[in-house]
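Biologist: Hi, could you walk me through this model? I'd like to go over a few spots with you.

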Amino acid sequence: MRQTHDVKIFFRAVIPSVLSFALSGVYSIADGFFVGNSLGDLGLSAVSIAYPIVAVIQALGTGIGMGGAIYYSIYTAEKKDAQAREFTAGAFWILIFAGVLLTSSLSLLNGFLLKCLGAGGELLAMAKEYIAVIALGAALQVFGTGFVPFIRNYGDPFYAMVSMTAGFATNIVLDYLFVWVWRQGVSGAAWATVLGQGVTMLLALAYLLRNRRFTLNLPLSKLRTVTASILKTGMAPFALTMSPNISLIIINRFSVSYGGDLAIATYACIAYVICVIHMIVQGVGDGSQPLLSWYYGEKNAGRLKQTEKLAYGFGMFLSIIGCILMYWTREHLGASFGASLAVNLEIAKVVPIFLVAEPFIVILRITTASFYATEKSYLSYILTFSEPLFMFVLLFPLPPLFGGQIMIWWGTVLSRILSALLAIVLKIREDKRRLDCRTAD
């Protein structure tokens with residue numbers, strides 16, 4: 001009977017999170033869709049090559065919010081309400097600081113950063129136009145993504161979903177108006193993104209104020225300890241959110257030398273769509289995080305293990321459905337983004353290669369979420385950075401030795417498989433250690 005109850009609790013927490021993250025995945029597609037259909041391959045490549053900067057902003061907000069929210073759940077489960085409030089206040093102060101820092105630094109350094117990402121010539125000019133607007137609204141994006149994890153950990157995943165859905169809907173409507181109707185190009189797409197995140201932020205802030213959850217009351221004596229703990233734990237969800245974009249940077253940099261603009265546009269379309277599958281899986285992990293952190297705080301190992309099993313199973317189920325849909329529609333993906341015929345044909349050939357890695361990504365992401373939800377930050381760091389590290393190492397020898405651009409695609413897949421195998425090894429060791437501790441007690 002309790003197991004059935006746990007399943008209901010799991011899906012009540014996870015379903016809204018999955019829907020929210022699915023919309024976030026579509027959110028990231030929106031700019032590429034509207035710009036690609038308006039400006040073609042060049043516009044699509046400009047948004048794609050600049051997107052890692054946007055992802056840093058959103059991932060930073062997510063990481064800080066998750067870092068504070070995890071400690072909120074753990075301390076609340078331990079009946080330490082004062083400490084829980086301190087971590088809430090600490091996270092909000094860090095979000096404010098991060099918003100100010102990002103706005104100023106990106107405004108000054110956007111050209112330099114885009115050159116580091118491989119942009120040049122007309123592509124650089126168009127990407128700068130996009131990022132200049134994104135920089136102005138960086139604080140809105142940080143707050144929007146940072147407040148939502150707290151709402152989920154306060155036990156209201158449905159409202160968190162509503163906040164993110166409202167932002168998504170705003171972005172779509174404004175993308176249509178700014179890019180297609182008023183012909184504002186990439187800057188219009190950027191304004192749509194910023195204002196969409198602003199709507200999410202306002203709704204989340206309204207919830208926090210209405211429920212008297214917003215606080216900046218943090219004793220100065222606790223500032224250093226609280227900040228360090230939040231950043232230590234938040235680094236893992238930040239890096240997990242950023243991981244696909246680190247991969248995007250690496251793939252784009254190597255593709256410039258082997259496949260050129262065609263390869264960059266090809267992966268841009270694939271990344272946009274496959275990102276939705278990844279975000280759905282992350283929705284399972286982050287949706288189960290409040291439960292995992294709560295059971296960890298209660299020292300309830302049985303329910304913790306049950307929740308992990310449900311997360312793996314549900315994540316795998318959703319990933320398989322996503323892969324089937326992506327495979328069936330692979331011949332039309334490029335056309336939906338306004339890509340050229342050559343890019344569309346290349347996408348149809350390459351998609352099956354990337355789908356090979358998707359079940360392994362489920363293992364990697366759910367395991368990483370389980371680690372950072374239960375204060376195993378160092379293990380989540382290892383897994384989060386393993387994929388780009390494996391990729392970077394593999395993409396140096398494979399393309400020149402075994403076939404150029406095609407080996408960039410396969411090298412990406414192999415890096416994800418290796419990371420998942422590492423996750424399995426670390427999870428088995430951690431479960432054994434947890435069992436040994438229970439036996440000793």
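**Working through the model**

Modeller: Happy to! Let's start with Phe-143, which lies in helix α4 (residues 138–153); helices (H or I, at least four residues) and strands (E, at least two) are DSSP runs, numbered from the N terminus. Keep in mind that this is a predicted model, where local features need pLDDT of at least 70 and side-chain atom pairs count only at pLDDT 80 or more, while totals for chains, interfaces and linings use all residues. Residues are numbered from 1 along each chain as its sequence is written, and side-chain values use heavy atoms, leaving out hydrogens and water.

Biologist: Is Phe-143 buried or exposed?

Modeller: Phe-143 is buried, at 18% relative accessible area. Buried means under 20%, exposed over 50% and partly exposed in between, with a 1.4 Å probe and protein chains only.

Biologist: And what is Phe-143 in contact with, leaving aside its neighbours within four places in sequence?

Modeller: Leu-95, Ile-96 and Met-201 are its contacts, where contact means heavy atoms within 4.5 Å. Also, the C-alpha atoms of Phe-143 and Ala-204 are separated by 8.8 Å, and these two residues are 61 residues apart along the chain.

Biologist: New topic: which helix is His-278 in?

Modeller: His-278 sits in helix α8. With 5% relative accessibility, His-278 counts as buried. Not counting residues up to four places away in sequence, His-278 touches Glu-358, Ile-361, Arg-365 and Arg-416.

Biologist: How many residues of α8 are buried?

Modeller: 33 of the 39, so α8 is largely enclosed by the rest of the structure.

Biologist: Where does α8 bend?

Modeller: At Gln-289, by about 40 degrees, and a proline, Pro-290, follows within four residues. The bend at a residue is the angle between axes fitted to the seven residues ending there and the seven starting there.

Biologist: Let's talk holes. How many cavities of 30 Å³ or more does a search of the whole structure find?

Modeller: Two. On a 1 Å grid over the protein atoms alone, a cavity is a set of points where a 1.4 Å probe fits but cannot get out, and lining residues have an atom within 4 Å of a point. The second largest cavity holds about 80 Å³ of space; grid points are joined across faces, edges and corners, and a volume is the space filled by probe spheres set on the points.

Biologist: Which residues line the second largest cavity?

Modeller: Among them are His-278, Ile-361, Arg-365 and Arg-416. α12 gives the most to that lining, with four residues.

Biologist: What about α12 itself, how many of its residues are buried?

Modeller: 14 of the 16 residues of α12 are buried, so α12 is largely enclosed by the rest of the structure. Just after α12, Glu-375 takes a positive phi of about 65 degrees.

Biologist: Last one: where is Lys-79, and what is its phi?

Modeller: Lys-79 lies in the loop between α1 (2–77) and α2 (81–116). Its phi is positive, about 65 degrees, although Lys-79 is not a glycine. Lys-79 counts as exposed, at 71% relative accessibility. Arg-183, in the loop between α5 (157–181) and α6 (185–210), is not a glycine either and has a positive phi of about 55 degrees. At 60% relative accessibility, Arg-183 counts as exposed.

Key:
On a 1 Å grid over the protein atoms alone, a cavity is a set of points where a 1.4 Å probe fits but cannot get out, and a pocket is an open set with protein on both sides within 12 Å along at least five of seven lines; lining residues have an atom within 4 Å of a point.
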